[in-house]
Amino acid sequence: MTKSEKVDFTIRTLQELYPTIPVPLEHKDPYTLLIAVLMSAQSTDVRVNQITPLLFEKADNPYDMVKMSVEEIRDIIRPVGLSPMKSKGIHGLSKILIEKYKGEVPKNIELLEDLPAVGHKTASVVVSQAFGIPAFPVDTHIHRLMYRWGFTNGKNVVQTEKDAKRLFPKALWNDLHLQIIWYGRDYSPARGWDLEKDIITKTIGRKTVLNEYYKIKKTRK
């Protein structure tokens with residue numbers, strides 16, 4: 001298969017498997033999505049979805065959030081990890097949203113990246129999922145799969161994002177970003193990976209990755 005045939009096969013398979021695509025983090029508007037994505041850093045979506053209702057019950061908008069102290073926010077979000085940094089970020093960005101943007105979340109990646117505790121990936125997720133603006137946020141699943149599929153050299157997420165944007169049509173970026181995340185969780189995880197179930201990697205995967213998989217499997221027999 002040529003590179004473009006591999007890309008087409010990947011898109012087709014993902015569209016068949018995930019015709020409707022659930023958003024992993026529960027939210028009701030751009031602000032609650034921004035907070036949920038910020039909280040998900042080095043945590044799991046499951047854990048974040050357990051904690052956000054407790055936080056949003058007290059404050060689901062920047063005006064109510066700034067009425068809480070950083071310590072109160074931290075006490076609620078402690079189970080997601082990195083709570084000192086995240087609670088300061090949540091309080092700080094809420095204050096800035098009120099002062100600079102009338103409490104609204106900006107639709108611009110660069111403006112979002114200027115907010116406390118908001119990195120490029122968080123900003124990309126918010127513009128794509130809250131506003132439908134094409135972006136290709138790269139998380140660990142996408143990084144792993146793009147390497148397994150031979151679509152990137154896997155050196156870092158910055159390079160992986162560039163390669164993804166170059167290979168996939170812009171109109172599909174927002175869907176593909178979520179489809180690849182779900183595929184990585186369901187069929188191509190980092191641990192407990194069963195290549196027989198992973199149709200995309202099995203069909204188009206990087207030869208060194210496939211050889212390594214079979215080598216390890218052999219030694220475990």
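Eight residues of domain 1 are in contact (heavy atoms within 4.5 Å) with seven residues of domain 2. This is a predicted model, in which local features need pLDDT of at least 70 and side-chain atom pairs count only at pLDDT 80 or more, while totals for chains, interfaces and linings use all residues. Residues are numbered from 1 along each chain as its sequence is written, and side-chain values use heavy atoms, with hydrogens and water left out.

The domain bounds come from an automatic or database domain assignment. The centres of the two domains, taken over C-alpha atoms, are separated by 29 Å.

| Domain | Residues |
|---|---|
| Domain 1 | 3-20 + 137-220 |
| Domain 2 | 30-131 |

Domain 1 and domain 2 both give residues to the lining of the largest pocket, so this pocket lies between them. A pocket is an open set of points on a 1 Å grid over the protein atoms alone, where a 1.4 Å probe fits, with protein on both sides within 12 Å along at least five of seven lines; lining residues have an atom within 4 Å of a point. The largest pocket holds about 610 Å³ of space, a volume being the space filled by probe spheres set on the points. Its lining has 28 residues, and Ser40, Lys121, Val138, Asp139 and Thr140 lie nearest the centre.

Helix 1 (residues 3-17) and helix 11 (residues 173-186) have axes, lines fitted to C-alpha atoms over the stretch in contact, that come within 10 Å and cross at roughly 75 degrees. Helix 1 is therefore roughly perpendicular to helix 11, a term for angles of 65 to 115 degrees. Helices here are DSSP runs (H or I) of at least four residues, numbered from the N terminus. On helix 1, the contact is made by Ile11, Leu14, Gln15 and Leu17, and on helix 11 by Leu176, Gln179, Ile180 and Tyr183.

Definitions and conventions: Axes fitted to C-alpha atoms, helices over the stretch in contact; angles between N-to-C directions. Helix = DSSP H or I, 4+ residues; strand = E, 2+ residues; numbered from the N terminus. Parallel < 35°, antiparallel > 145°, perpendicular 65-115°, else oblique.
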